Amino acid sequence: MATATYTVKGMTCGHCVSSVKEEVGEVAGITSVEVDLAGGLLTVDSDEPIDAAKIVAAVEEAGYEVANQS
């Protein structure tokens, strides 16, 4: 199992959180998506190695920007 955390810029409300969770949740192999609105943190769990480019693309598809990955 792999876990990755990203900082997402631009989220301001519950709808933002839902949009990010929905888009990232559609990435193949993702088993869990948690979003902390206050901290702007996105935590993703997967059964396989996480392709950061796919996560970034999903966040951008939702209309937000990944500031960094940790």
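A polar contact is a pair of N or O atoms within 3.5 Å. The model is predicted.

## Helix α1

Helix α1 covers residues 14–25, which makes 12 residues. From its first C-alpha to its last, α1 reaches 16 Å. That is close to the 16 Å expected at 1.5 Å a residue.

Which residues of α1 are buried? They are Cys16, Val17, Ser19, Val20 and Val24. Seen down the axis of α1, these buried residues fall within an arc of 165 degrees, so they line one face of the helix. The other side of α1 has His15 and Glu22, which are exposed.

The buried residues of α1 have several packing partners. These are strand β2 (30–36), strand β3 (41–46) and helix α2 (52–61).

Is serine 19 buried or exposed? Its relative accessibility is 16%, and buried means under 20%, so serine 19 counts as buried. Leaving aside neighbours within four places in sequence, serine 19 is in contact with Ala62 and Tyr64.

## Helix α2

Helix α2 has its own buried residues: Ile55, Ala58 and Val59. Viewed down the axis of α2, they fall within an arc of 100 degrees, so they line one face of the helix. The face turned away from this buried side carries Ala53 and Glu61, both exposed.

What do the buried residues of α2 pack against? The partners are β1 (2–9), α1, β2, β3 and β4 (65–69).

Aspartate 51 caps the N-terminal end of α2. One of its side-chain oxygens lies 3.1 Å from the backbone nitrogen of alanine 53. Glycine 63 follows α2. The phi of glycine 63 is positive, near 100 degrees.

Aspartate 36 is found in strand β2. It is partly exposed, with a relative accessible area of 36%. Aspartate 36 and valine 17 are 19 residues apart along the chain, yet their C-alpha atoms are separated by 7.9 Å. Apart from neighbours within four places in sequence, aspartate 36 is in contact with Met11 and Leu41.

Serine 46 lies in strand β3. How much relative accessible area does serine 46 have? The value is 1%, and serine 46 is buried. Not counting residues up to four places away in sequence, serine 46 touches Met1, Ala2, Gly29, Ile30 and Thr31.

## Side chain to backbone

The side chains of aspartate 36, serine 46 and aspartate 51 each place a polar atom by the backbone of another residue. The table sets out these pairs.

| Side chain | Backbone atom | Distance |
|---|---|---|
| Aspartate 36 | nitrogen of alanine 38 | 3.4 Å |
| Serine 46 | oxygen of glycine 29 | 2.9 Å |
| Serine 46 | oxygen of glutamate 48 | 2.9 Å |
| Aspartate 51 | nitrogen of alanine 53 | 3.1 Å |

## Putting it together

The buried residues of α1 pack against β2, β3 and α2. Those of α2 pack against α1, β2 and β3, among others. In each helix the buried residues line one face: see α1 and α2. Exposed residues sit away from that face, including Glu22 in α1 and Glu61 in α2.

How values were computed:
Residues numbered from 1 in each chain as written. Predicted model: local features only at pLDDT ≥ 70, side-chain atom pairs only at ≥ 80, totals over all residues. Heavy atoms only, no water. Helix = DSSP H or I, 4+ residues; strand = E, 2+ residues; numbered from the N terminus. Expected span 1.5 Å × (residues − 1). Buried < 20%, exposed > 50% of the residue type's maximum accessible area, 1.4 Å probe, protein only. Arc of directions from axis to C-beta. Contact = heavy atoms within 4.5 Å. Polar contact = N/O pair within 3.5 Å; in protein donor to acceptor, adjacent residues only side chain to side chain.
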